[in-house]
Amino acid sequence: MERTVKTPGPDHPITVEANPSRVVVRAGGRVVADTTRALTLREASYPPVQYIPLADVEPSALESTDSRTYCPYKGDASYFSLVTADGTVADAVWTYDKPYDAVAGIAGHVAFYPQHVEVADA
């Protein structure tokens, strides 16, 4: 399948920068990630997204799924379900295993859909 690959630019800017703060992610009151190595991805007019190193996420909080999506700016995304005390939330976490060069820094990181977690700079 042929895929369109787009490069960020003035009409669709994307930046990836180290977040200087400690970032804590909670789901149902439980800490599921705690890091001082988060990356903040800013893309066009979307809200900023914190990408957390997978090594700084509680392994028992994630279950890999078969879901996949494609972004022409970032590449192929795969998903995890988020395991909470209240149950499992399907496809609440995503990652780009092999992101395109413009966002290569997010490899090995995950992001959480904000409606399922609390993300706070500590």
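Me: What makes the largest pocket, with its volume of about 480 Å³, a pocket rather than a cavity?

Reply: A cavity is a set of points on a 1 Å grid over the protein atoms alone where a 1.4 Å probe fits but cannot get out, whereas a pocket is an open set with protein on both sides within 12 Å along at least five of seven lines. The volume of about 480 Å³ is the space filled by probe spheres set on the points, which are joined across faces, edges and corners. The model is predicted: local features need pLDDT of at least 70 and side-chain atom pairs 80 or more, while totals for chains, interfaces and linings use all residues. Residues are numbered from 1 along each chain, and side-chain values use heavy atoms, without hydrogens and water.

Me: Which residues line the largest pocket, and what makes them lining residues?

Reply: Lining residues have an atom within 4 Å of a point. There are 20, and Y46, P47, P48, V49 and W94 are the closest to the pocket's centre. β5 (49-53) gives the most, four residues; strands are DSSP runs of E, at least two residues, numbered from the N terminus.

Me: Why is the set that includes V25 and I52 called a nonpolar core?

Reply: Such a core consists of buried (under 20% relative accessible area, 1.4 Å probe, protein chains only) Ala, Val, Leu, Ile, Met, Phe, Trp, Tyr and Cys residues joined through side-chain atoms within 4.5 Å. The largest has 17 residues, V25, I52, L82, V93 and F112 having the most contacts inside it. Its largest share, three residues, comes from β2.

How values were computed. Buried means under 20% relative accessible area, exposed over 50%, partly exposed in between (1.4 Å probe, protein chains only).
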